[in-house]
Amino acid sequence: MSSPAANVRHGTLHKGLALAIAILATGCATGNLSRTTVVGPEAITDRQYGAEAFDNRRCFHYGGRPTGGPSVLPGDRLRLAVWSAGTQDLDNKNTHPPIVRTVDVRLREVNPSGGHLDVDEQQALATFLQVNRSRAWVEDAGSEGDGLTRPERQKLAAALKTHEAAVWNAFVGSLCVKAIAPSKNAGAAARAAPVLAVQADIRAICRALPGRQDRQRFARAFLVTGGSDSEYLKGCAAARLTREPMTVFGVRGDTALGSWASAALAANPGEADNYYAQEWVLASPKALQGTIEFDAVAPFQTDPPTWSLKEWEDAGICLRSPKLKIKALRLRGSSQQYRIVDDPNLETTHNVVLANGKRDLVTLHKQTFSWSLPVSVLSVLTASDVDELVWASNRTPQSKTVSPMGCAARGEG
């Protein structure tokens, strides 16, 4: 008869064997996979065909996932590239080397009260607006419409810059991503090589401008179709364009539909008009490529943007609804957490000061067990300065903390 101790050991042995067998059954799988999923146009099964596909709205919309259907969200990234044959003369002969333009769009929300765009966001917006100008965008455009004088264009440019955060949010909020290939009658190779078309609602950008005169200037630059001098007075409701929604690179039709090989040999199914407002400056774009990278952008993902921690709070990436706040943080190489203090009347143990263009961590009060920083430091610190971020719905001591993937600690995502 076995002793109780032997029974315990016997039971423990069986549990250990069972655990070992379970581990072997899984093939000893260990390690973590990247949370980012990269999808190219060839992987999008809702394939669309022909130039008419540019005009419909079957796409990955910006919005909730998954109940809202296919979508792109804050924290996703669009990597886009366009290839052009380069400058051509009147005989369609190339006179300069080909041109490749890339646009990297990290999806986020920007605080309309004082928020600013980074360089990539500025580039994306500038590209979208430049290539989608109306033929009536400039004065002396003849019968094409009533154009804008340089002083009027300067006023519109100032309004767009002043309200750039609202303009960006309108642009991102209207995004529509789709895969488009040549007609179904094309060969199998052509059908298997779609382009990634990214479109946006240019009228949403117009509506982001608060002033009536600025909206009318915007209508002249982007919405007036020509032949009606008074149409721009309707502002964002000016005559409907024949090319809506517009693409980020200003491209529509068969010009864009083809693989890299057919682009190099001008073997695309058809050739559409230049589509840009200024003729004979650049050849039509001949190829569009790109990918959607889901869950690619977070403070502790690979190569994060240099946004401030305050901008990460506003971005809607770590949790979109409700937006979270950074309750505490741990600086690089430190084992001590710093509590973030909202109240400007409360003294903190430390602060980050700017001196001669450099940031310094200074001690204000020596404290053994509880360190703190004012909320203002979130505007000067970036993800590269911290190893950990503690998130909560508010910064009170009682608020429950959460750990969004890619947002909580270095090395987790």
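Let's start with Cys206 and Cys236, which form a disulfide with their sulfur atoms 2.1 Å apart. By disulfide I mean a pair of cysteine sulfur atoms within 2.5 Å. The link of Cys206 and Cys236 is left-handed, with -90° about the S-S bond. Cys206 sits in helix α6 (residues 202–207) and Cys236 in the loop between α7 (212–223) and β9 (246–247), so this pair ties together parts that are 30 residues apart in sequence. Helices (H or I, at least four residues) and strands (E, at least two) are DSSP runs, numbered from the N terminus. Both Cys206 and Cys236 are buried. Buried means under 20% relative accessible area, exposed is over 50%, and partly exposed falls in between, with a 1.4 Å probe and protein chains only.

Before going on, a word about what we are looking at. This is a predicted model, where local features need pLDDT of at least 70, side-chain atom pairs count only at pLDDT 80 or more, and totals for chains, interfaces and linings use all residues. Residues are numbered from 1 along each chain as its sequence is written, and side-chain values use heavy atoms, leaving out hydrogens and water.

And how confident is the predictor? pLDDT is its confidence in each residue, from 0 to 100. The chain averages a pLDDT of 79, and 72% of the residues score at least 70. Please be careful with residues 1–21, where the pLDDT is below 50 and the stretch has 1 contact beyond near neighbours in sequence. Residues 271–283 also have a pLDDT below 50, but that stretch has 40 contacts beyond near neighbours in sequence. A contact here means heavy atoms within 4.5 Å.

Back to the cysteines. How many disulfides does the rule give? The count comes to 3.

Another of them joins Cys59 and Cys176, with the sulfur atoms 2.1 Å apart. The torsion about their S-S bond is about -125°, so this disulfide is left-handed. It links distant parts of the chain: Cys59 is in the loop between β2 (48–49) and β3 (60–62), and Cys176 is in strand β7 (residues 176–181), 117 residues apart. Cys59 is buried at a relative accessible area of 13%, and Cys176 is buried at 2%.

Then there is Cys318, joined to Cys407 with an S to S distance of 2.2 Å. Here the torsion is about -95°, so the disulfide is left-handed. Cys318 lies in the loop between α9 (309–314) and β11 (325–331), and Cys407 in the segment after β17 (401–402), 89 residues away. Both Cys318 and Cys407 are buried.

To finish, numbering the bonded cysteines in sequence order gives the pairing 1-2, 3-4, 5-6.

Terms used: pLDDT = per-residue confidence, 0-100.
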